[in-house]
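Student: I have this structure open and would like to go through it piece by piece.

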Amino acid sequence: RLPRFQLFLLPAVLLLLLDTFLSDRRGRHVAALTMHPATATAAAVLIAVCMSGCAGTRESADAGRAYQLKQYPQAVSLYRRAIEKGDQRPRTIYDFGTALLALDSTQQASEAFERVADLPDAELRYRALFNLGLAHLTRGRDPAIQGGGEDLDAALAAYQKVLLMRPDDFDAKWNYE
């Protein structure tokens, strides 16, 4: 979800600045419009903070739409750009790994999933571990990749963790077997 509350902060800040300006002018007859430097600085910082919070989420949302439309290369590049710009939210990193997995970039996807596999959010941890197991399983079953046994062992370990979290998960049982 996009933080849309920021759209309401801009008018509030502008009204606050107007009130501050008018309260400074009351009782004085000043020809030029002036604003206290501390007020201007505080307002500029507040506006910059509010507006910068939308940039990463906007790119993440665009990447999510590209992923839903099965435009995986575009989704990967948009997620990568959002992460490089500072969006380090676990959900964004997980979605980045999922888009990489859809492109069969299993090594990079594994690295992304490992970054979020130990977080306290149980649902995100479950999904990251499942996809981590899938990435290792895909690499382990690929005859072109040497060292597939290590990947299969890593897939087993990931699916064991998934099954400890959700013992009734049929897909995890199937992949584990």
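Student: Thr92 first: buried or exposed?
Tutor: Thr92 is buried, with a relative accessible area of 2%. Buried means under 20% relative accessible area, exposed means over 50%, and partly exposed is in between (1.4 Å probe, protein chains only).

Student: What am I looking at, an experiment or a prediction?
Tutor: This is a predicted model, in which local features need pLDDT of at least 70 and side-chain atom pairs count only at pLDDT 80 or more, while totals for chains, interfaces and linings use all residues. Residues are numbered from 1 along each chain as its sequence is written, and side-chain values use heavy atoms, with hydrogens and water left out.

Student: Back to Thr92. Which helix is it in, and what does it touch?
Tutor: Thr92 lies in helix α4. Not counting residues up to four places away in sequence, Thr92 touches Ser60, Tyr79, Ile83 and Asp87. Contact here means heavy atoms within 4.5 Å.

Student: How many helices and strands does the chain have?
Tutor: The protein chain has 8 helices and 0 strands. Both are DSSP runs numbered from the N terminus: helices are H or I with at least four residues, strands are E with at least two. Along the sequence the pattern reads α-α-α-α-α-α-α-α.

Student: And how much of the chain is buried?
Tutor: 35% of the 177 residues count as buried. On contacts, residues 24 or more positions apart account for 47% of those with a separation of 6 or more.

Student: Then what are the values for α3 and α4?
Tutor: The axes of α3 (residues 72–84) and α4 (residues 90–102) come within 9 Å and cross at roughly 150°. The two helices are therefore roughly antiparallel to each other. The cut-offs are under 35 degrees for roughly parallel, over 145 for roughly antiparallel, 65 to 115 for roughly perpendicular, and oblique for the rest.

Student: Which residues make that contact?
Tutor: From α3, they are Tyr72, Ala75, Val76, Tyr79, Arg80 and Ile83; from α4, Thr92, Ile93, Asp95, Phe96, Ala99, Leu100 and Ala102. They divide into 10 nonpolar, 1 polar and 2 charged. Ala, Val, Leu, Ile, Met, Phe, Trp, Tyr, Cys and Pro count as nonpolar, Asp, Glu, Lys and Arg as charged, and the others, Gly among them, as polar.

Student: What about α4 and α5?
Tutor: Their axes come within 8 Å and cross at roughly 160°. That makes α4 roughly antiparallel to α5. The residues of this contact divide into 10 nonpolar, 4 polar and 1 charged.

Student: Which residues of α5 are buried?
Tutor: In α5 (residues 106–116), the buried ones are Thr106, Ala109, Ser110, Ala112, Phe113 and Val116. Seen down the axis of α5, they fall within an arc of 165°, so they line one face of the helix. The arc is that of the directions from the helix axis to the C-beta atoms.

Student: Why would residues spaced like that point the same way?
Tutor: An α-helix has 3.6 residues a turn, so residues three or four places apart point the same way.

Student: OK. What covers that face?
Tutor: The cover of the buried residues of α5 includes α4 and α6.

Student: How do α4 and α6 cross?
Tutor: The axes of α4 and α6 (residues 122–141) come within 11 Å and cross at roughly 25°. These two helices are therefore roughly parallel to each other. Pro90, Arg91, Tyr94, Thr98 and Leu101 of α4 make the contact with Leu124, Arg127, Ala128, Asn131, Leu134 and Ala135 of α6. By type, there are 7 nonpolar, 2 polar and 2 charged.

Student: New topic: where is Ala66, and is it buried or exposed?
Tutor: Ala66 is in helix α2 and counts as buried, at 3% relative accessibility. Leaving aside neighbours within four places in sequence, Ala66 is in contact with Gln71, Gln74 and Ala75. Ala66 and Val76 are 10 residues apart along the chain, and their C-alpha atoms are separated by 8.9 Å.

Student: And Ala61?
Tutor: Ala61 is also in α2 (residues 37–68). Ala61 counts as partly exposed, at 22% relative accessibility. From Ala61 to Ala75 is 14 residues in sequence and 9.7 Å in space, C-alpha to C-alpha.

Conventions. Axes fitted to C-alpha atoms, helices over the stretch in contact; angles between N-to-C directions.
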